[in-house]
Amino acid sequence: MMRRLLVLPLILMLAACGLHPLYGGGTSGPVAGLLRTVQVAPIPGQDGWLVRTKLVDRLGETGSAPARYRLDVTLDDNITSYGLSSTQAATQERRSLRARYQLVDVTNGMVVLDETAGSDASIDVVSSQYATVAAEQTALENLAGIVADQIMARLAVYATRTAPAR
């Protein structure tokens, strides 16, 4: 009985904290409403193609309405060698993918969101050059997905913060 009395105030405090679901409202919610109107601009390079494809996949059918916003993305893909063996050959690489993205209102050209996203991956350098190149490519594909997820999450937060009050 005493335990229940202690849990009740905790439940009441949690209900009053102001948390609400990010994707609340489903297809009629503010997040779906904004994502439905986002067009992803072309991004140059293989890394750009991967990130753009991931973004378009994540927008899915929600990116099918007439474009009100354009998402401009600039990427910085970098591989740095570190960790030296006794022969002074690199044993590790770090692949970094950074994105600067801007959400532009196409009606007036105003930038409404200017943010960055990025992630790193560590790669073992092995004696087989093919295996190392394959690991670098796999790291790029994984990083493209991570960066796309970060961008989509930030767009969702922007949508909820700028949505008109109901």
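Which strand holds Glu93? Glu93 sits in strand E3, which covers residues 90-105. The model is predicted.

## Overall layout

The protein chain has 4 helices and 4 strands. Read from the N terminus, the order is α-α-β-α-β-β-β-α.

Take the contacts between residues at least 6 apart in sequence: 64% of them join residues at least 24 apart.

## Surface and interior

The protein chain counts 166 residues, and 30% of them are buried.

Is Glu93 buried or exposed? Glu93 is buried, yet it has no salt bridge. Arg95 is the nearest side chain of opposite charge, and it lies 7.2 Å away. A salt bridge needs a side-chain nitrogen and a carboxyl oxygen within 4 Å.

Which residues does Glu93 touch, leaving out those up to four places away in sequence? Ile79, Thr80, Ser81 and Tyr82 are among them. Ala121, Ser122, Ile123 and Val125 also touch Glu93. Thr132 and Glu136 complete the list.

## Tyr82 and the aromatic rings

Tyr82 is one of the residues that Glu93 touches. Which residue lies over the face of Tyr82? Arg94 does, at 5.2 Å from the ring centre.

How many aromatic pairs does the structure hold? The count is 0.

Definitions and conventions
Residues numbered from 1 in each chain as written. Predicted model: local features only at pLDDT ≥ 70, side-chain atom pairs only at ≥ 80, totals over all residues. Heavy atoms only, no water. Helix = DSSP H or I, 4+ residues; strand = E, 2+ residues; numbered from the N terminus. Buried < 20%, exposed > 50% of the residue type's maximum accessible area, 1.4 Å probe, protein only. Lys, Arg positive; Asp, Glu negative; His and termini not counted. Contact = heavy atoms within 4.5 Å. Phe/Tyr/Trp six-rings, centres within 6.5 Å; stacked < 30°, edge-to-face > 60°. Lys NZ or Arg CZ within 6 Å of the ring centre and 35° of its normal.
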